[in-house]
Amino acid sequence: MLAMPRSKIAGIGMYVPSNIVTNNDLLKYMETSDEWIQERTGIKERRYAHRTEETTTTMGVEAAKIAIERAGITPPDIDFIIFATLCPDYYFPGCGVLLQRAMKMKEIGALDVRNQCSGFVYALSVGDQFIKSGMYKNILVVGAEKHSFGLDFTTRGRNISVIFGDGAGAVVLQPTEENNRGILSTHLHSDGDSAEILAMYNPGTHANHWMPEKYADFDEAEIGQMFFSHKMIDKEQIFPNMDGQAVFKKAVIKFPEVILEALSANGLQTTDIKVLIPHQANLRISQFVQHKLKLTDDQVYNNIQKFGNTTAASIPIALCEAWEMGKIKEGDLVCLAAFGSGFTWASALLRW
Ligand SMILES: CC(C)(COP(=O)(O)OP(=O)(O)OC[C@H]1O[C@@H](n2cnc3c(N)ncnc32)[C@H](O)[C@@H]1OP(=O)(O)O)[C@@H](O)C(=O)NCCC(=O)NCCS
């Protein structure tokens with residue numbers, strides 16, 4: 001029997017918009033302070049995409065171009081696209097096909113992943129299975145977000161809007177026969193009991209079905225006015241909602257759990273990790289995880305200070321930066337771990 005190949009990251013790229021938005025810049029829109037934001041989240045600044053010239057897909061394309069070039073291939077060589085985002089250019093179709101068109105790729109499959117902050121690790125896991133099964137040889141996995149278009153920039157939405165930023169990261173997955181190299185394992189989890197704790201309800205078809213209290217007026221709405229209505233806009237029911245403390249409490253349990261699960265599945269210890277790339281949710285969460293797992297400063301890479309939380313893009317952006325800075329070398333053990341809306345959480349362990 002032929003041994004099953006592993007997948008390896010053959011190329012990685014990132015793209016962030018040039019527009020830097022500092023904490024003090026946000027004072028124009030809401031009551032907040034640089035001190036509050038840095039103390040609670042570690043964030044100093046984030047990037048916002050150009051209003052009209054950049055979209056989630058175009059940022060994904062820029063990151064993908066670099067990843068593809070670094071993999072030593074060209075866009076027509078890609079045989080499958082997986083695109084993770086919570087801010088798609090259109091409600092439908094997803095960004096995968098828009099990227100396929102923009103990069104003039106062949107009529108290959110394009111899959112969109114909707115797993116928010118865990119989106120990239122979920123997407124990587126799906127790609128890994130396709131490589132291991134032998135179905136595809138060059139898979140493009142992208143995580144990209146244009147949060148700046150959809151946040152509540154008033155004081156009411158400040159607990160969420162100060163956290164998020166825009167950007168994109170991408171990797172090319174290829175099979176490798178090299179012993180002990182590539183993605184060793186991936187671990188995916190969810191707990192839908194907390195779906196509403198970090199969520200954007202409208203537009204949607206929920207009709208208050210899952211809400212303890214009426215969120216919008218679906219009973220009275222005219223047919224044709226149910227999915228999205230002037231009333232929803234007037235009542236400001238069109239922004240994301242988050243119970244930050246509930247997210248924090250769950251995240252600091254699930255991050256270490258899913259990292260230890262990955263290590264244990266491979267007979268490895270925390271001391272074997274060269275670099276942990278945690279999803280950049282909040283610097284305080286990453287520091288808590290580091291402390292709990294007794295990891296050194298060198299073992300954890302954070303860049304939320306510069307980019308904020310870029311959801312599905314945060315792990316590939318941080319991984320790309322860490323690699324470009326020489327913090328990850330061939331043979332190093334790298335752990336990716338994510339937690340976010342859903343709740344969903346996931347990890348991936350790879351030998352670079
Ligand atoms: C969002 C988060 C930073 C808020 O910090 P917190 O310590 O929990 O703060 P609270 O929500 O309890 O709010 C404390 C006070 O700060 C205020 N506040 C909230 N956002 C603020 C902001 N941007 N600037 C200034 N004050 C703010 C609140 O109104 C509240 O004021 P009050 O005490 O007068 O009512 C924190 O809960 C968090 O990081 N949670 C995890 C979120 C996360 O990681 N999300 C992404 C998941 S992938």
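**View 1. Asp152 is buried, with a relative accessibility of 7%, and its side chain meets that of Arg156 in a salt bridge.** Buried here means under 20% relative accessible area, exposed means over 50%, and partly exposed lies in between (1.4 Å probe, protein chains only). The structure is a predicted model, in which local features need pLDDT of at least 70 and side-chain atom pairs count only at pLDDT 80 or more, whereas totals for chains, interfaces and linings use all residues. Residues are numbered from 1 along each chain as its sequence is written, and side-chain values use heavy atoms, with hydrogens and water left out. In a salt bridge, a side-chain nitrogen of Lys or Arg lies within 4 Å of a carboxyl oxygen of Asp or Glu, and between Arg156 and Asp152 the N to O distance is 2.7 Å. Arg156 is partly exposed, at 45% relative accessibility. Asp152 and Arg156 also belong to a network of salt bridges that includes Glu236. By the rule given above, the model has 12 salt bridges.

**View 2. Two further salt bridges join Lys235 to Asp217 and Asp128 to Lys132.** The side chains of Lys235 and Asp217 come to 2.9 Å, N to O. Lys235 sits in the loop between helix 6 (230-234) and strand 10 (241-242), and Asp217 in the loop between strand 9 (198-199) and helix 6, so this pair ties together parts that lie 18 residues apart in sequence. Both partners are partly exposed, Lys235 at 44% relative accessibility and Asp217 at 24%. Helices (H or I, at least four residues) and strands (E, at least two) are DSSP runs, numbered from the N terminus. In the other pair, the closest N and O atoms of Asp128 and Lys132 are 3.3 Å apart, and these residues are four places apart in helix 4 (residues 119-132), which means that about one helical turn separates them. An α-helix has 3.6 residues a turn, so residues three or four places apart point the same way. Asp128 is buried, at 0% relative accessibility, while Lys132 is partly exposed, at 22%.

**View 3. An open sheet of four strands, in the order 8-13-12-11, has mixed pairing.** Strand 8 (182-190) and strand 11 (275-278) stand at its edges with a single partner strand each, so one side of each has no neighbour in the sheet. From one strand to the next, the twist averages 10 degrees. Two strands are said to pair if DSSP finds at least two bridges between them; strand 12 (residues 333-340) and strand 13 (residues 344-351) pair in the antiparallel sense over eight bridges. Within this pair, Phe339 stands opposite Trp345 of strand 13. Helix 7 (residues 244-265) packs on the sheet and touches strand 8, strand 11, strand 12 and strand 13, where contact means heavy atoms within 4.5 Å. The direction of helix 7 makes about 150 degrees with that of strand 12; axes are lines fitted to C-alpha atoms, for helices over the stretch in contact, and angles run from 0 to 180 degrees between N-to-C directions.

**View 4. A second open sheet, of five strands in the order 1-7-6-4-5, also has mixed pairing.** Strand 1 (6-15) and strand 5 (109-113) form the edges, each with a single partner strand, so one side of each is left without a neighbour in the sheet. On average, neighbouring strands of this sheet are turned by 20 degrees against each other, direction ignored. Strand 4 (residues 80-84) and strand 6 (residues 139-145) run parallel and are joined by five bridges, and the bridge partner of Ile81 in strand 6 is Leu140. Helix 10 (residues 314-324) lies across strand 1 and strand 7 (167-176), and runs at about 90 degrees to strand 1. Nine of the 11 residues of helix 10 are buried, including Ile315, Leu319 and Cys320. Gly326, which follows helix 10, has a positive phi, near 80 degrees.

**View 5. The ligand is surrounded by 22 residues.** The closest of these are Thr32, Arg40, Gly244, Gln245 and Asn282; a residue counts as near a molecule if one of its heavy atoms lies within 4 Å of it. A polar side-chain atom of Thr32 lies 2.6 Å from a nitrogen atom of the ligand. An N or O atom in the side chain of Asn282 is 2.4 Å from an oxygen atom of the ligand, and for the side chain of Trp36 the distance from an N or O atom to a ligand oxygen is 3.3 Å.

Note on methods
Polar contact = N/O pair within 3.5 Å; in protein donor to acceptor, adjacent residues only side chain to side chain.
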